[in-house]
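Please find below a colleague's note on the structure shown here.

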Amino acid sequence: ESDIEAAKREFEEETGISEYEIPDEKNFFIEEYFFKKENDIVYKTVKYFIAFTKNKNVNMQMSEVADFKWLPYEEAVSQLTFHEGKDIAKKANEFLKQLSLIL
């Protein structure tokens, strides 16, 4: 399974949304971090892809998703607690601004 195939599968499983468009599968954003699991230090890499959907009805997979919100960019960023998450949001927002110039 490729990264994009995994992202699509996870997105559909965790949100219940199956109608969406990924405008650029080659453009993604990477977050890397360490966390502790039991007595081990784990290195994790997460790839984020931009997706567009008109469907705002989310059917969360409760075992994987604690909560969700549809928010405007500024409000979403203000609720992020980790610096890395804010960086990803900023890069994604810049990408979307460039994309709107092309569309």
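1. The model is predicted: local features need pLDDT of at least 70, side-chain atom pairs count only at pLDDT 80 or more, and totals for chains, interfaces and linings use all residues. Residues are numbered from 1 along each chain as its sequence is written, and side-chain values use heavy atoms, with hydrogens and water left out.

2. The structure holds six aromatic pairs. Rings of Phe, Tyr and Trp (its six-membered ring) pair if their centres lie within 6.5 Å; planes under 30 degrees apart count as stacked, over 60 as edge-to-face and the rest as tilted. One of these pairs joins Phe-28 and Phe-49, which is tilted because the planes stand at 55 degrees, with ring centres 5.6 Å apart.

3. Phe-28 belongs to strand β1 (residues 28-37) and Phe-49 to strand β2, so their pair ties together parts 21 residues apart in sequence. Phe-28 is partly exposed at 30% relative accessible area, whereas Phe-49 is buried at 17%. Here buried means under 20%, exposed over 50%, and partly exposed in between (1.4 Å probe, protein chains only).

4. Phe-29 and Phe-95 form an edge-to-face pair, 6.0 Å centre to centre with 70 degrees between the planes. As Phe-29 lies in strand β1 and Phe-95 in helix α3 (residues 83-102), the pair ties together parts 66 residues apart in sequence. Both residues, Phe-29 and Phe-95, are buried.

5. Ile-41, in strand β2 (residues 40-49), counts as exposed at 61% relative accessibility.

Technical notes:
Helix = DSSP H or I, 4+ residues; strand = E, 2+ residues; numbered from the N terminus.
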